[in-house]
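Subject: Structure for your review

Dear colleague,

Please find below the structure that I am handing over to you. My findings follow directly after it, and I would be grateful if you read them with the structure open.

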Amino acid sequence: MQQGSGFKKDAVQALQNETLQAALNTARGGFVDKRRVAVDALPEFDAIKARAKAIKNHTLDNLGDYLQEFERAVIASGGQVHWAQTTEQANQAVLEICAQANAKCVTKGKSMISEEMQLNHALENAGYEVMETDLGEYIIQLAKETPSHIIAPAVHKTKAQVEALFDEFHGAELPPNRSREQLVSEARVRLREAFLGADVGITGANFLIAETGSSVLVTNEGNGDLTASIPGVHIVTASIDKVIPKLDDLPTFLRLLGRSATGQELTAYTTLFTGPRRAEETAGPEQFHVILLDNGRSDIRDSEFKDALRCIRCGACLNHCAVYGAVGGHAYNAVYPGPIGQVMTPLLNGLDSSLETISACTMNGHCKAVCPMGIPLPDLIRKHRVAAFEQNKNSFLERKGLSFWKSMGLKPGVYRHLTAMSAKAVKLLGDFPLLQNLTPLLGSWKNGRVLMKARGKTFQALLKAGRKHD
Amino acid sequence: MTEARRQILEKLGAVAADEYCIPNTVQPAFVARSESLALLLKRKLEAVHTSVDIVGSAEQVGQSIAGFLNAHGSPLKVGVVPGVDTSSIPVPPGLDFYPCQDMAACHTVLTSAAFGIAETGTVVLPSSLQRPTLANFLPDNCIIMLDEVNIRPCMEEAFSSVQNSDAGMPRALNLISGPSKTADIEQTLVYGAHGPIQLHVIIRAV
């Protein structure tokens with residue numbers, strides 16, 4: 001299926017999928033509550049946000065220079081930088097490095113850029129054995145699925161589903177109803193083998209530091225470090241918007257990232273990788289490569305969507321989104337689900353396949369309020385909607401509906417009259433519930449909702465009456 | 001690749017950078033000395049499933065190690081990284097130190113941190129021949145020693161200490177705040193995803 005398309009159909013299926021709904025229910029509260037506690041405990045949070053935003057804006061304005069400074073620093077530390085305009089070029093660069101290293105087995109840390117590249121696919125097609133090492137990524141790799149959340153890729157899976165997958169792939173005689181600890185320990189044993197046998201390790205980067213040429217990786221599992229430090233070759237896949245100017249800037253971003261993502265002050269492991277092993281060292285990779293992927297970002301930088309490039313991929317907008325919370329990540333059919341995905345997918349894959357996705361926003365503004373980088377997500381989604389309308393991409397009915405709404409807005413008298421009539425109709429439906437069954441369209445709306453008893457008057461009418469009383 | 005590089009940079013416009021002037025004045029006030037940095041570090045680490053002892057003598061180092069291993073029912077055999085000199089640590093009966101070469105075969109490792117960060121409850125380990133990074137990730141039990149004088153209040157000061165050290169930026173600079181963990185199965189925390197299942201930090205106040 002074209003990336004970004006088919007939201008409506010998949011959203012309906014997701015809402016009817018009881019297992020998925022159970023998994024989403026488990027996840028929903030956790031992220032939101034943990035973030036709030038962590039943010040409330042740091043009174044300086046807003047000031048830190050403001051500084052991070054200023055740094056990112058400055059970096060984006062001077063992106064070419066900072067990327068070149070980063071490149072110089074990587075080379076000075078003994079590493080190599082590979083530039084790629086497209087995902088094909090990026091995959092090609094990775095494949096060439098693997099071929100030169102005579103690699104067979106590749107371990108991978110979690111990287112959304114590698115998802116963008118569909119790197120696993122490219123590597124497997126070229127005959128390499130690829131092993132995802134983040135537990136969530138490992139689970140969905142076994143299930144042959146894509147991540148449904150940018151920081152919790154298997155958030156849509158229940159424990160029972162994970163256990164069933166492990167039964168299938170871990171073979172052996174495994175007892176039923178194993179604990180989460182047992183499941184994690186099974187994966188640990190399995191992945192330890194992969195780590196020790198890997199020829200190339202590929203990780204993503206949360207940040208790139210121009211000043212030092214470092215690639216920063218945050219994990220809780222430590223899988224990124226085992227991926228990067230055991231094989232002879234370490235490849236970092238990163239997009240050009242990941243760069244920040246100085247090492248001294250990193251704490252500002254780290255203070256926001258962990259708190260916004262999982263409510264942690266800092267994840268268990270934060271590692272800065274700078275170049276290959278030093279001359280006197282006996283361990284660590286002999287080669288250090290950074291793939292710098294553009295994939296349309298240099299165009300986004302100069303567009304009205306520039307703000308989206310400040311994103312540090314914490315996932316807070318997904319966790320606070322009413323639509324994401326109801327349907328999960330897969331319905332978006334895209335690398336990036338949720339609000340940031342609704343902004344990025346049309347930019348990465350085109351507006352045509354994203355029309356249903358950009359409609360799936362209630363504009364409640366929660367995502368914007370929790371975004372640590374101050375990205376005006378609903379405003380950017382609205383810009384996509386405006387562009388879709390201006391380019392005549394909506395359906396006939398949608399256009400007619402919007403035109404009707406516009407004409408009502410321009411005729412307040414008619415609008416008042418019509419809303420007064422509907423207010424009476426809603427009261428009637430509330431007073432005589434049996435009538436609701438006869439009303440077209442109300443049927444599916446009523447699933448999961450109760451129609452409240454209405455007063456039969458519009459807000460404006462009540463306000464007017466109230467004023468007369470005064 | 002050079003063509004891709006040229007085109008990306010051309011689009012981004014390689015103009016002279018605007019001057020960088022974004023002062024770093026905002027740092028968490030909670031670090032401001034209501035308690036000692038060592039106590040703050042200890043409290044933060046304990047909150048993330050790490051045992052911490054603050055010791056005042058070399059004898060106590062050995063006792064702390066033995067106590068930690070006994071608490072977890074682990075054998076009293078400790079692999080030591082090249083950079084840690086155990087000759088000055090009086091060894092309690094039963095405890096055995098050995099130089100560790102193969103981290104994958106090591107159950108308990110003893111290594112040392114260059115710095116600590118009180119703000120975040122973090123120990124900082126720059127990789128080197130003396131302090132191999134895999135010691136921090138392969139053994140089930142990881143014991144890290146830290147001198148109290150090397151605890152910095154916030155991340156900025158620890159980074160600047162690393163940058164200004166003789167070795168400069170290492171290949172891998174590990175910031176460790178607790179043992180390995182995952183919440184990838186139903187958002188429920190499980191320790192020991194890949195790296196150490198138990199982390200023990202010994203702060204030497206001598």
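Axes, as the term is used here, are lines fitted to C-alpha atoms, for helices over the stretch in contact, and angles run from 0 to 180 degrees between N-to-C directions. Please note as well that this is a predicted model.

Helix packing in chain A

Two packed helices are described by the angle between their axes and the distance between the axes. For helix H16 (residues 338–349) of chain A and helix H19 (residues 377–390) of chain A, the angle is about 35° and the axes are 9 Å apart. The crossing of H16(A) with H19(A) is left-handed. On the side of H16(A), the contact is formed by Pro339(A), Ile340(A), Gln342(A), Val343(A) and Pro346(A), and H19(A) contributes Leu377(A), Leu380(A), Ile381(A) and His384(A). Of these residues, seven are nonpolar and two polar, with no charged residue.

A second pair consists of H2(A) and helix H12 (residues 250–262) of chain A, whose axes come within 6 Å and cross at roughly 145°. Here Lys34(A), Arg35(A), Ala38(A) and Val39(A) of H2(A) meet Arg259(A), Ser260(A) and Thr262(A) of H12(A). By class, this contact of H2(A) with H12(A) has two nonpolar, two polar and three charged residues.

The parallel sheet of chain A

Chain A contains an open sheet of six strands with parallel pairing, in the order E1-E10-E7-E4-E2-E3. Strand E1 (80–84) and strand E3 (129–132) of chain A are at the edges with a single partner strand each, so one side of each has no neighbour in the sheet. On average, and with direction ignored, neighbouring strands of this sheet are turned by 20° against each other.

In E7(A), His234(A) is the bridge partner of Gly201(A).

The contact between the chains

The contact between the two chains takes 75 residues from chain A and 57 residues from chain B. Helix H1 (2–12), helix H4 (155–163), strand E9 (172–176) and strand E10 (181–182) of chain B each supply at least two residues of the chain B side. The largest share of that side, seven residues, comes from H1(B). By class, the chain B side has 30 nonpolar, 19 polar and eight charged residues.

An open sheet of eight strands with mixed pairing has the order E8(A)-E5(A)-E6(A)-E9(A)-E9(B)-E6(B)-E5(B)-E8(B). Strand E8 (243–244) of chain A and strand E8 (151–152) of chain B stand at its edges, each with a single partner strand, so one side of each is left without a neighbour in the sheet.

Which strands join the two chains within this sheet? Strand E9 (residues 269–273) of chain A and E9(B) pair in the antiparallel sense over five bridges, and Phe273(A) has Ala172(B) as its bridge partner in E9(B). Within chain B, strand E5 (residues 115–117) and strand E6 (residues 122–126) run antiparallel and are joined by three bridges. One of the bridge pairs here is Phe115(B) with Val124(B). H4(B) lies across E5, E6, E8 and E9 of chain B and runs at about 165° to E5(B).

With kind regards

Terms used:
Residues are numbered from 1 along each chain as its sequence is written. Chains are lettered from A and ligands numbered from 1 in the order in which they are written. This is a predicted model: local features need pLDDT of at least 70, side-chain atom pairs count only at pLDDT 80 or more; totals for chains, interfaces and linings use all residues. Two residues are in contact if their C-beta atoms, placed from the backbone, lie within 7 Å. Helices (H or I, at least four residues) and strands (E, at least two) are DSSP runs, numbered from the N terminus. Ala, Val, Leu, Ile, Met, Phe, Trp, Tyr, Cys and Pro count as nonpolar, Asp, Glu, Lys and Arg as charged, and the others, Gly among them, as polar. Two strands pair if DSSP finds at least two bridges between them. A crossing is left-handed if the near helix is turned anticlockwise from the far one by less than a right angle, and right-handed if clockwise.
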